[in-house]
Amino acid sequence: MTETPLVRGEVLRSLRRHWAMPLFLALLIGFVVVARGPVQEARATAVELDSGDGRLRTISVWATTPDDRTPLTQERIDEIAAVPGVTAVTPYDGDGAEVYLAEDQSRQNPRMLALRPWTAAHPPLAAQKEPDRSFAVAPGEIVLPDGFAGLSADQLIGRDIVVMHTPIDRVETGKDGSESLHGGEPEELRFTVTGVHDDSTGNLDGPGSAYVHPDIAVKLYAASQAKTVEELYATEGFENIQVEVASASQVGTVQRHLRQEGLYAASITAQMQALSPALSFLDTASTTALWAIAVLAALFGLVMGTQRVRARMSEIGLLKALGFTENRIFCLVAIELFVIGTVTAVIGVVIGAAAVGMLSGPGAIHLPTAAVLLPVPGVALVAGALLPLYYARRLPPDTVLRDT
């Protein structure tokens with residue numbers, strides 16, 4: 001005697017008699033398949049860019065907040081640099097300057113650009129001098145926006161650039177408290193274009209930005225404040241700094257730490273990983289449905305297991321009399337329940353996949369979610385039926401046959 005005909009016949013009878021609960025579980029599974037797709041896609045996007053995109057590993061910190069101002073001095077920068085997970089802290093203030101091609105001797109058509117430090121949060125590059133190497137900016141190099149002076153990215157690479165910067169010589173305060181800035185002699189700074197950033201999709205600083213070595217940016221900003229770099233670090237500090245973290249997964253922890261220290265901090269990662277209200281609802285609803293599937297399947301298993309033991313006493317006794325061991329009978333009934341749960345899961349996954357296919361196309365189906373859901377109802381059914389199954393396997397065959 002083989003178990004296969006017994007299992008197949010009992011599964012078909014059970015699905016005909018108890019169709020309501022498997023159908024309800026199948027619909028819940030279908031909902032989870034539909035809901036988890038966009039949620040997992042949004043999270044996977046952030047994980048995929050975890051360490052590959054420096055912008056996702058960067059936290060911006062501002063000195064001025066709606067409530068107060070926290071000077072970002074050298075002392076505070078050193079404190080931030082000591083926070084676990086932080087790999088670099090860069091003052092992110094710069095100054096505007098007139099920028100020309102060095103060959104433009106007439107200096108008739110300047111372009112005003114904000115010179116900012118080159119950090120991990122840089123915009124994407126349209127071209128660079130050495131494409132096969134990791135990109136960095138030396139003190140004598142500059143990254144210009146694409147299309148500068150009407151030239152393409154490839155045409156700009158290697159060009160000599162002149163930056164006309166006018167430092168502030170002194171700051172005078174009037175009787176009414178207003179400040180007037182007095183410029184000194186313009187300084188001519190020379191750079192070589194080693195990179196061109198792509199501003200076609202926009203970036204955090206806008207297309208009117210050029211990027212230089214952080215030390216150069218600090219020098220320019222200090223000059224715009226009529227201070228030396230040392231004085232700036234020691235007194236009011238900077239308005240903005242960028243904090244680079246080892247990976248995007250650590251950004252949330254570091255950002256919370258900075259806020260606890262009274263700093264105004266924000267990051268792209270936190271915004272990307274924070275699901276929209278609709279996705280948050282789907283996430284919560286699908287998680288609740290997943291737990292409901294497990295709990296309801298376990299309760300259904302308890303009920304079905306109890307009914308099976310009561311209705312099949314004579315069959316269990318006959319099997320024992322024919323030489324079936326207790327473990328063999330236990331496995332026989334457990335397999336029946338697991339098959340019922342698996343059939344239910346397959347139906348639910350097919351319903352969910354069909355809905356996703358109609359709404360977003362076959363490529364939007366989140367296969368890992370479907371794969372995880374397949375064994376859940378079957379395992380829960382067996383778990384719920386453990387108590388009655390244990391009772392049935394312990395009954396002596398003569399007792400079972402006598403009571404039927």
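In which helix is isoleucine 351 found? Isoleucine 351 is found in helix α11. Helices are DSSP runs of H or I with at least four residues, strands are runs of E with at least two, and both are numbered from the N terminus. The model is predicted: local features need pLDDT of at least 70, side-chain atom pairs count only at pLDDT 80 or more, and totals for chains, interfaces and linings use all residues. Residues are numbered from 1 along each chain as its sequence is written, and side-chain values use heavy atoms, with hydrogens and water left out.

Isoleucine 351 has a relative accessible area of 35% and is therefore partly exposed. The classes are buried (under 20% relative accessible area), exposed (over 50%) and partly exposed (in between), with a 1.4 Å probe and protein chains only. Helices α2 (20-48) and α11 (326-360) each supply at least two residues of the patch.

Helix α5 (residues 214-224) is largely enclosed by the rest of the structure, because 8 of its 11 residues are buried. These are Ile216, Ala217, Val218, Leu220, Tyr221, Ala222, Ala223 and Ser224. Just after α5, alanine 226 takes a positive phi of about 60°.

Aromatic pairs were examined next. The whole structure contains 5 of them. Rings of Phe, Tyr and Trp (its six-membered ring) pair if their centres lie within 6.5 Å; planes under 30 degrees apart count as stacked, over 60 as edge-to-face and the rest as tilted. The rings of tryptophan 62 and tyrosine 264 have centres 5.8 Å apart and planes at 55°, so this pair is tilted. The pair links distant parts of the chain, 202 residues apart: tryptophan 62 lies in strand β1 (residues 58-62) and tyrosine 264 in strand β13 (residues 264-267). Tryptophan 62 is partly exposed at 32% relative accessibility. Tyrosine 264 is partly exposed at 44%.

Tryptophan 118 and tyrosine 211 form an edge-to-face pair, because their planes stand at 80°, with ring centres 5.7 Å apart. Tryptophan 118 lies in the loop between β4 (111-117) and β5 (125-128), and tyrosine 211 in strand β11 (residues 209-212), so the pair ties together parts 93 residues apart in sequence. Both residues are buried. Trp118, Phe135 and Tyr211 form one aromatic cluster.
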